[in-house]
Every structure is written in structure tokens, then in C-alpha cells.
Amino acid sequence: MARGLYVERRCVFYDAGRPFWPCEAPDFVLKLLSAPPIGIAQPLANIWHTAPSYFAYMVEFPLILLWWWFVGTRLDFGILGVGQYRHRRIWLSFFIASFILLLTAFGWSQWEDVQFYRRYSYLDTNPYLASIKNLRLLPLRLWLLVLIVAFGLAALRVARGRTRQTDRKLASFRTIRLAGFGLALFCACAVGMVWHSKFEEHRRQAEYDLHRIIIKGRVVDDRGSPVSAIEVDLVPVLENGEIRGPKFPDDETASDFTNDKGEYLLSPDRAGRYVISVQWNAPPSTSHPFETRYYLDSADLKHAETLEIAPAKHLTLNPIQLQRLGLVKVPVSVSWSDGKPEPDAYLLFTNAEYPQFGAVGREALHLGDDGTVSLPIGFDYGATAQVDCDNGPKINSAYTPRLTFSLKSASAQPLHFVLPGSPCRVWHPQ
């Protein structure tokens, strides 16, 4: 048992030094040999985002068979099946070079494995027998042996000038029928496996959902349009009736972000009393210009509806409607001390009414094409501009002094930020 654990540890950590030997090499080399069909299969498999994990192999398998059938027939009837072929020396060199390269890879793979068992002699096994019994390398070695023999025979035939029959078809009618039947049978089995997998997945999910708390609902704006990517929190009510603020949230708080339809799903671990909050005391941002809202329809926590959640309870709530705030375009310019403009600076705005939060929307803003930044109306803001300077091995950030301004009205005064020091080469993330 200890030996088995060690071999497993070896396959996890050994490849840190040699990334392709011995544990990662089979998958890497086999995928490299079948790169064309895998390259075609992967985009096809990725179309179905919720497919089972093995679906990609189902798509790859018939394409890989077709690929190697094509390669084999090209060798037998395309290159070697023509009476007098052109560029004989070039083909001979290609086959010999491929034969030597694959034989070297085979020998190196075998030798590296033997050396490992020699190095760790306390495994108490013959290094040569242990290497042969290493089943993880078996698929790679079998493929290498097949290709070594194939390229060796191809080089021998080209060197001797021998050819095969040229009047034979690539596939007889019987072969085509058998291949079609096999493909149909494979597709039927694949469809059956996928259907069974999805059926079991839904069954297990439904069984799991029966024993957990599920709260569903939607978030819409004042026009009835769904609001996506906004955070919805299920906040527990303490025994004394209080709710801890977002700066010190309770461990039992459940959160979710709405999808494109404005839908959310909350699943707390425990039953109890909760309130639902959208944008829980977070400042309105450019992408989400909404103030905090509590279920059912309240802007004040004191008037929020308290939900009594029992174990294994499923609730579908009425939509929470948010009131959209207007946006004001603020003219902004950033320059260095010598007056040179800096178009690559990014801006950090904070809302004075939400001091516990950092940047509005938890993001840095960039100037629009018209040289403005849009911010929700009705608040006082603080702002600073930042530039990351590329100084070789280090990145130094330059900040402007903090500016404060008010957007209580629809008009905004232009903001000008001055970066300290001289212009620098701006660092851009790759």
C-alpha cells in the first residue's frame, strides 16, 4: 500500500522537473500525434457548454480513427502506392529522420523510467521490470512502436523502389458499409450515455434540492427590465433583531449574482430569519446606478420584510424593483507636472456616503472617447488618478492628490488631475 501511495505521489510531483516524463508524456505525445482531429473536435465539443466531461472524447474518437485511416491510406496508396514517385531522396530522408527521432524518443522514455527506479532503490523492485510494468507509459510506447515500424518499412520500400498495387480502391463497398454501421452504432451508444448521464445528473440534483433551502426571485429596474450581474444577499437576522453591516458580514450570509434574466438563487446552510438585500449598502456605480433595496419594496432596512425560513423550504419570491438613478458626465483630464497629458491613467472614485467601501463599483474607470466619466447623480465623491510606471523589474505607481466634488445637481465641473514627477513609460498588463 505504501508503495502504491508513493507511485501516486510520484505521478503528481515528479513531472515538476521534467514536464513530459513520465506521467504527462503519454497524454501530451498522443495529443500531438492526433493534433489535427483534436483541433477540429475541441471547438465542436465546446459548443455544448453543459456537456458531460467525457463528451469531448466522444467527438474526438471517430475523428482520430478517420485521421489515422487517412494517414495509413496515404502511406500505402498515396506515397508508396505509386510506381515511380517524385523527390525520392527527400521522402527517403523524411522517413529515415522520423524513424530515428521516434526510436530515440522511445529509448529515452524507457531509459528515464529505468533511471527513476534505480534512483529510488528502496522501492525494492527490478528497475527494468518495473519500467516495463509502468502502464501509464504503455499507450505512448505502443503508439511509438507502431509508428517506428511504419516509418521504418516506408523507408525500406522507398529505398528499394518497391511499390504496391495501384489499381485497388482506398475502401471497398463492404468496408464503407461496415464503417457506416460502426459509426451509427457509436453515435447511438454516445447519445445513450449522454442521455443517461444527464438524467442521472438531474435526478441527483433534484434529490439534493429536496433537502436544502432554495429561494428564487428576480431583480428588475423601474422599467421592468431585468438587472444582470448585481449582487443579492440573504442576510441573517440576529437573535436581538439586529443585522450586522456589510463591513462585518455574518458567516451565514448567502449571496448570488443575477443572470441575464435578472434571476438569482439563494441557498443558506441553516434555517432562520433573513432579509434580502440588493446592492447591500454598496454605492451606486456606472454599471449599476441603483441604491440599496430590500425585499419586498423598501429602501430602509427597518421596513424590510423578514423571511422565516424553515429547513428544506423552497420559495419563489416576487420581483425586487430597483429605482434607476441618473448619470452625469464629468469632464476629466490627467496630466503630468510638466503639463504633458496622460491618456493611460485610470481613475478611482469613492462615494462619500459609503465610506466603508473602496472604489465605486469595485473598479477603476477610464476616460471615454469624449473625455468624460459617467457617475450616478446625487452624491459627493472623492477621486484620484493613478498610473503604473514600468521601471524594468519593478512597477511604481504614481497617484495624484485626492479631489473632492459634488454631483448633487445635473451639472458637473471639469476635474483636472496632476501626476507628480516626470512622464514615465506606462506599464500595461499582458
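Guide: Start with a pair of cysteines. Cysteine 389 and cysteine 424 form a disulfide, with 2.0 Å between their sulfur atoms. Keep in mind that this is a predicted model.

Visitor: Why is the link of cysteine 389 and cysteine 424 called a disulfide?

Guide: The cut-off is 2.5 Å between cysteine sulfur atoms. The sulfur atoms of cysteine 389 and cysteine 424 are 2.0 Å apart, so the pair counts as a disulfide. In general, a disulfide is a covalent bond between the sulfur atoms of two cysteines. The link is left-handed, with -70 degrees about the S-S bond.

Visitor: How many disulfides does the structure hold?

Guide: It holds one.

Visitor: What makes cysteine 389 buried or exposed?

Guide: Buried means under 20% relative accessible area. Cysteine 389 has 7%, so cysteine 389 is buried.

Visitor: And cysteine 424, at 24% relative accessibility: which label does it get, and why?

Guide: Cysteine 424 has 24%, so it counts as partly exposed. Cysteine 187, at 38%, is partly exposed because it falls in that range. Cysteine 189, at 44%, is partly exposed because it falls there too.

Visitor: What about serine 197: buried or exposed, and why?

Guide: Serine 197 has 18% relative accessibility. The limit is 20%, so serine 197 counts as buried. Its place is in helix H8, residues 173-209. Leaving aside neighbours within four places in sequence, serine 197 is in contact with Pro52 and Tyr54.

Visitor: How many residues of the protein are buried, as a percentage?

Guide: Buried residues make up 33% of the 430 residues. The protein has eight helices and 16 strands.

Visitor: Which residues of the largest nonpolar core touch the most other members?

Guide: That core has 26 residues. Val332, Val334, Leu347, Phe349, Leu375, Phe405 and Phe417 touch the most other members. Strands S10, S11, S12, S13 and S16 each give two or more residues to this core. A second, separate core has 20 residues, including Val219, Ala254, Tyr264 and Leu322.

Visitor: What is leucine 375 in contact with?

Guide: Setting aside neighbours within four places in sequence, its contacts include Phe349, Phe405, Tyr381 and Thr286. Contact here means heavy atoms within 4.5 Å.

Visitor: Where is confidence lowest, and where is it highest?

Guide: Helix H1, residues 2-13, is lowest, at a mean pLDDT of 39. Strand S4, residues 263-266, is highest, at 94. The protein averages 79, and 80% of the residues score at least 70.

Visitor: Over which residues is the pLDDT below 50?

Guide: Residues 1-10 are one such stretch. Beyond near neighbours in sequence, this stretch has 14 contacts in the model. Residues 12-19 are also below 50.

Notes
Residues are numbered from 1 along each chain as its sequence is written. This is a predicted model: local features need pLDDT of at least 70, side-chain atom pairs count only at pLDDT 80 or more; totals for chains, interfaces and linings use all residues. Side-chain values use heavy atoms; hydrogens and water are left out. Helices (H or I, at least four residues) and strands (E, at least two) are DSSP runs, numbered from the N terminus. Buried means under 20% relative accessible area, exposed over 50%, partly exposed in between (1.4 Å probe, protein chains only). A nonpolar core is a set of buried Ala, Val, Leu, Ile, Met, Phe, Trp, Tyr and Cys residues joined through side-chain atoms within 4.5 Å. pLDDT is the predictor's confidence in each residue, from 0 to 100.
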